[in-house]
Amino acid sequence: MKDHHINVFYSEADEGYIADIPDLKFCSAFGETPEEAVREISNAKTAWIEAAKASGKAIPEPQYRPIIYQVG
């Protein structure tokens, strides 16, 4: 089963790591380490999906895949 892709990057402005899920608009989380950011995005994803369901909005299927996974 495909799952939503998670981006993780360092933010100098925030002095920590940001994780986001491109398929879920505005779903992001912060952590002091990459691992913490990934744990936090898991919580954010759950909350995002629950809020979408509660308001009757569609939950996008996983589609975003960075080009690096398409090469080769």
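Setting aside neighbours within four places in sequence, Ser 11 is in contact with Gly 16 and Ile 18, where contact means heavy atoms within 4.5 Å. Ser 11 sits in strand S1; helices (H or I, at least four residues) and strands (E, at least two) are DSSP runs, numbered from the N terminus. With a relative accessible area of 11%, Ser 11 is buried, the cut-offs being under 20% for buried, over 50% for exposed and partly exposed in between (1.4 Å probe, protein chains only).

A word on what you're looking at: this is a predicted model, in which local features need pLDDT of at least 70 and side-chain atom pairs count only at pLDDT 80 or more, while totals for chains, interfaces and linings use all residues. Residues are numbered from 1 along each chain as its sequence is written, and side-chain values use heavy atoms, with hydrogens and water left out.

Now step back to the whole chain. Along the principal axes, the C-alpha atoms fill a box of roughly 35 × 35 × 20 Å. Of the 72 residues, 28% are buried. Take the contacts between residues at least 6 apart in sequence: 29% of those join residues at least 24 apart.

Next, the loops. Glu 15 lies in the one between S1 and strand S2 (16–20), and its phi is near 55 degrees, a positive value in a residue other than glycine. Phe 26 does something along those lines in the loop between S2 and strand S3 (28–31), with a positive phi of about 70 degrees although it isn't a glycine. Most residues other than glycine have a negative phi. Glu 15 counts as exposed at 63% relative accessibility, and Phe 26 is exposed too, at 74%.

Back to S1, which covers residues 7–11 and holds Val 8. Val 8 counts as partly exposed because its relative accessibility is 36%. Together with Ile 6 and Val 38, Val 8 makes a nonpolar surface patch of about 190 Å². Patch members have over 30% relative accessible area and no salt bridge, with like charges joined within 9 Å and nonpolar side chains (Val, Leu, Ile, Met, Phe, Trp, Tyr) within 5 Å; a salt bridge is a side-chain nitrogen of Lys or Arg within 4 Å of a carboxyl oxygen of Asp or Glu.

Methods: Areas by Shrake-Rupley, 256 points an atom, 1.4 Å probe, with all protein chains shown as cover.
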